[in-house]
Structures are given as C-alpha cells and as structure tokens.
Amino acid sequence: MSFGTLVSVAQLQAQLGNPDWCVIDVRHQLADVAYGERAYAEAHIPGAHFLHCDRDLSGPTTGGNGRHPLPDPQLLADRLGSIGVGRQTQVVVYDDAQGMIAGRLWWLLRWLGHDAVAVLDGGWQDWLAAGAAVDAVPPVAKPREFTPVTRNFAVDAQFVRRMLDSPSMRLVDGRASDRFRGENETIDPVGGHIPGAVNRFFRDNLAADGHFKPAGELAAEWQSILGGLAPEQLVHYCGSGVSACHNLLAMEIAGLSGARLYGGSWSEWCADPARPVAR
C-alpha cells in the first residue's frame, strides 16, 4: 500500500525505520532562509533528511523567472536519489507551515513521475503534540537510483499569456486575498494578479485544527471554483510557485486530478512590465 496525498502521525510512526520509506523535512521561512536548517539541527523526526526550498526545490533565479523557479528535473532527481529515494520508495514530507513547503516537494515528486509521496497531515506541530519521538542526529544516507520521468504538469508564462482570454483555462491564485487585490504587497515589487484569475487562499484547504478538510468538503469547494470546467483546465499559481502546490494537493485529496502549475507565478509574471496586471 502506498500513500499519495496525506499520512497521519500514527501512520508515519508505524513505519519509522522502514528502509522503503524516506522522510524529508522541508521547514523554511521566506524571511529567514536559514531557519529550516537551524530547526532541523535542533530536532527533527527520526531518520528524516533535510532539503532546502531555495537550493534543492528551486532552480537558479535570473531576476525574470520568479523567486522559486522549477528546478532542473535531473538535478532534483539526483538530489533525491542521494538521500535514498528510489522508484519504489514511499516518501513522506513535512514542514511547520501548514503544508505550504511540503506541498511543493509533493508536487515536484509527482512532476518527476513519483506517485508514492504524501504530506504529513498537521506537520511538525502535530508530531510534537502527539509526543512522538524526535532526534537531532542527521541520518546516514543510503543512495538509490532515481530516474525522473517528467510529466506535463506545468505551464510557462507564454502559455498563460496565450490562453488569457480563452474560456478553456481558469487561473487560480493561491495567495491571501489582500495580495490578490494588490494590497499590502511586501514580497514582490508589483501588486495585483493575473487578469481573469480567481482567488483561493491555500489556507482555505485546512480545517481550524490545521489538518486538511475532509475530501468531500474539499470536493464541494473546488467544484464551485471549477464551475463546470474539468480539473485539467485549471492552472494554479501563487507568489512564486510554492503555496499553489497546496491547492493542487487539496484537489488531489478531493479526487480532482489533472490541474497544472504555473511555476514562475506572480513573481515571474510581474517582472515583465509588458504583461497585463489586474487589481
């Protein structure tokens, strides 16, 4: 049995030490990019490896390709293989940001053709609240071969621009509503959103306790956003292509597979003044 969306603390506890499972810590803060490594060094789930959002889960920035461009598939595959991810490995990813960063690696692995990847529901906070074991010692890596089979899960800025006026594409912006409206923008140099986009803040996928809402509830909410369109007609974006993956995970939980990611997202879109902006 493999897990493709979520695992609970109890489910992960039962598999600690299983050589066919790989746990990955991706804790990260945009305003303090060294935070995750410090937190990991202090305490982490036993056996967990650490990957960095900027260095491992993103490619080099150029000033025009967004804050977290998609990484080179082979480089990411090599990095995953170096910590023990093979084709048959069950991967579990966690953070302490309500799944925002973990969702990025969940999506990246699926992009590379690996379906046995799940996010720890409730994250690091739930692990601690359960009194589960923690460790401060990095595990010894046992490298495996990981060959990427990249899927057509992403679109680029040219695709979005070409399809802006097409009824066959619906853009979903995963940022908070004030940033979507162009208010209180403190991260990117331009405020606003891509014309025609609808707003679905990624945290709306969560219940009050920080866990993902039940599949049926998510399905009803996302069906209202689809408005009769097929999931394949949705393109998700956010500030830099990270939190949008949380919306893609929520749709997968809801049984609505097939939506794609605009990886460059708003930070890439607004870097070109020739691209239209809505507020």
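Predicted model: local features only at pLDDT ≥ 70, side-chain atom pairs only at ≥ 80, totals over all residues.
Residues are numbered from 1 along each chain as its sequence is written, and side-chain values use heavy atoms, with hydrogens and water left out.

**Whole chain.** Show the protein chain as a cartoon. You'll find ten helices and ten strands; these are DSSP runs numbered from the N terminus, helices being H or I with at least four residues and strands E with at least two. The C-alpha trace spans about 50 × 40 × 35 Å along its principal axes. Of the 279 residues, 54% count as buried, meaning under 20% relative accessible area, with exposed over 50% and partly exposed in between (1.4 Å probe, protein chains only).

**Select Q90.** Zoom in on Q90, which sits in strand β4 (residues 90-94). Is Q90 buried or exposed? Its relative accessibility is 4%, so Q90 counts as buried. Now show everything Q90 touches, leaving aside residues up to four places away in sequence: S2, F3, D20, W21, C22, A116, V117 and A118. Touching here is contact, meaning heavy atoms within 4.5 Å. Look at F3 in particular: the Q90 side chain reaches the backbone nitrogen of F3 at 2.7 Å.

**Select the sheet.** Next, pick out the open sheet of five strands, paired in parallel and ordered β1-β5-β4-β2-β3. Its edge strands are β1 (6-7) and β3 (49-50), each pairing on one side only. Two strands pair if DSSP finds at least two bridges between them.

Start at β1: two bridges join β1 to the parallel strand β5 (residues 117-120), and L6 stands opposite V119 in β5. Then step to β4, which pairs with β5 in the parallel sense over three bridges. Which residue in β5 is the bridge partner of V93? That is V119.

**Select α4.** From β4 the chain crosses through α4 to β5 in a right-handed β-α-β crossover: with the strands pointing away from you, the path from the first strand over the helix to the second runs clockwise. Helix α4 (residues 100-111) lies across β2 (21-25), β4 and β5, running at about 175 degrees to β5. Axes are lines fitted to C-alpha atoms, for helices over the stretch in contact, with angles from 0 to 180 degrees between N-to-C directions.

Technical notes:
Polar contact = N/O pair within 3.5 Å; in protein donor to acceptor, adjacent residues only side chain to side chain.
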